[in-house]
Amino acid sequence: AAASLLGTTALMNAATFFPTSPLIQIGDDTDIFFTGSLSFDFKDNLYSVADKKSAALVTFIPGFDLQYAKDSPLSANLSVSRSFLRYNKSEFKDLEEGQDNIMGSINYQTGGPLTLGVSSSYNESARNDNLAGLGVDNKVLGATLVRQANYSHSLNVGYKLTEKINLNIAFINSYNKYLNPVKVQSTVNKAGDDYKDIAYNTNTLSEINTKSIPININYKTPSEKLTYGFSFKHDVSDYSDAPYFHTQQKVGPPLGTVDPVARPTGDPKKFTQDFLGITVNGEPTSSGKLHITTRLGYLIADTDGSSKKSVSYDLKVAHNLTERFTHEVNFIHDISPSAVGGSLETDTLSYSISYALSEKLSLSFHAVKSKSTSGSTQVDTLDFNAGASWEYNKYIQFNALIDSLDSKLKNNPSSNFKANSLNLTSTFRY
């Protein structure tokens, strides 16, 4: 998972090198950029399970970005792309279905203290590493990649109370849907008889619909190097059942009838969370070499009437050792709804390094240690990755990333796994 995040960050940073003049301009207000990426991936553990299967993959992602009136009080953006995938083995043919990504936003600067923004996004993914981090059964993950669609819609209202004090209130609705569930076949033994068990790979999962209201008041110091804030957030997450199918048939002889297996009852239905805390962001020293991003507070999480109180924090410290060398450490503790039902408590420690060899070539290293606890299940992971980024010209950039992940499921060593991967990507924007 960390590899994916780092790779995404690298591509986003790469966009700063790309030209701002569009290929197509309609009138004085509308610009259209064509975008694309071509990547090669090799993974020695495609399904993120103990029984490894290796695969090589080529992905082509064409798309476009439309910008309307970007320098005007009322502006809009629309980004659309689609992934085309090809694996090196015919056994992965069913995984080659394309994935769509759409994101749009509208922002309005009133010219006074009020600002408004709305945004909406839709993206599809097919992956197992995030579910493996929750301790999902090897038998389920080993059959295919779990495919899902993720939706997010937000409304943001900002108000400048004074020259130094800002108020921001938002409403965010995010939810997911599992797509194209796959039937997984195995053999189970009941009372000495073998049964053919057929079940969807989504049977044990929950779809989550979260509505969130964050409220932030920020004060910028006279030096404008630091911003202090108060933060409150109220979340309500509703669980719904993922697609379900489950049958069992006695293998025989004599051959038994196909008997449906009812969906288990008692799964969590609602998760709520209230957070209250402080934030401190900016440069605490006069040299400007140190930058902090901190959120520290107290939360109360409730799952169907069972509550848990905890300190919550996200503390990030970045230091520019030289003009070319930057390193960063990040500590996170949080509680969130879990895709397997109930709540997920996570502790994450990460350290990253970036070094610019030249104006066009940079190197990076990232290490992440995390512990995820959901009910009685605890998963410990250690992830290392290293990358390089090269700006070929103002239109094209190349990125390389290697990643090594070690995941251990406490009290269930048969589900432990290791995964290594290589990613080579070229990106284009014109």
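**Exercise 1. What volume does the second largest pocket have, and what lines it?**

Some ground rules come before the solution. This is a predicted model, in which local features need pLDDT of at least 70 and side-chain atom pairs count only at pLDDT 80 or more, while totals for chains, interfaces and linings use all residues. Residues are numbered from 1 along each chain as its sequence is written, and side-chain values use heavy atoms, with hydrogens and water left out.

*Step 1: the terms.* On a 1 Å grid over the protein atoms alone, a pocket is an open set of points with protein on both sides within 12 Å along at least five of seven lines; a cavity is a set of points where a 1.4 Å probe fits but cannot get out; lining residues have an atom within 4 Å of a point. Grid points are joined across faces, edges and corners, and a volume is the space filled by probe spheres set on the points.

*Step 2: the volume.* The second largest pocket comes to about 360 Å³.

*Step 3: the lining.* It has 25 residues, and Val140, Tyr200, Asn203, Thr204 and His246 lie nearest the pocket centre. Sorted by class, 10 are nonpolar, 9 polar and 6 charged (nonpolar: Ala, Val, Leu, Ile, Met, Phe, Trp, Tyr, Cys and Pro; charged: Asp, Glu, Lys and Arg; polar: the others, Gly among them).

*Step 4: the elements.* Helix H3 (138-141) and strands E9 (183-190), E10 (193-200) and E13 (246-250) each supply at least two lining residues. E9 gives the most, with 4 residues. Helices (H or I, at least four residues) and strands (E, at least two) are DSSP runs, numbered from the N terminus.

**Exercise 2. Describe the largest cavity and its lining.**

*Step 1: the count.* The structure holds 1 cavity of 30 Å³ or more, and the largest cavity has about 60 Å³ of space.

*Step 2: the lining.* Ser48, Ala132, Gly135, Val136, Asn138, Leu141, Ser407, Leu409, Ser415 and Phe417 surround this cavity. They divide into 5 nonpolar, 5 polar and no charged residues. H3 and strand E22 (396-409) each supply at least two of the lining residues.

**Exercise 3. Check the overall dimensions of the chain.**

*Step 1: the rule.* The radius of gyration is taken over C-alpha atoms, and the globule rule is 2.2 Å times the number of residues to the power 0.38.

*Step 2: the comparison.* For 430 residues a compact globule would have a value near 22 Å; the protein chain has 24 Å, which agrees.

*Step 3: the box.* Along the principal axes, the C-alpha atoms fill roughly 80 × 50 × 45 Å.
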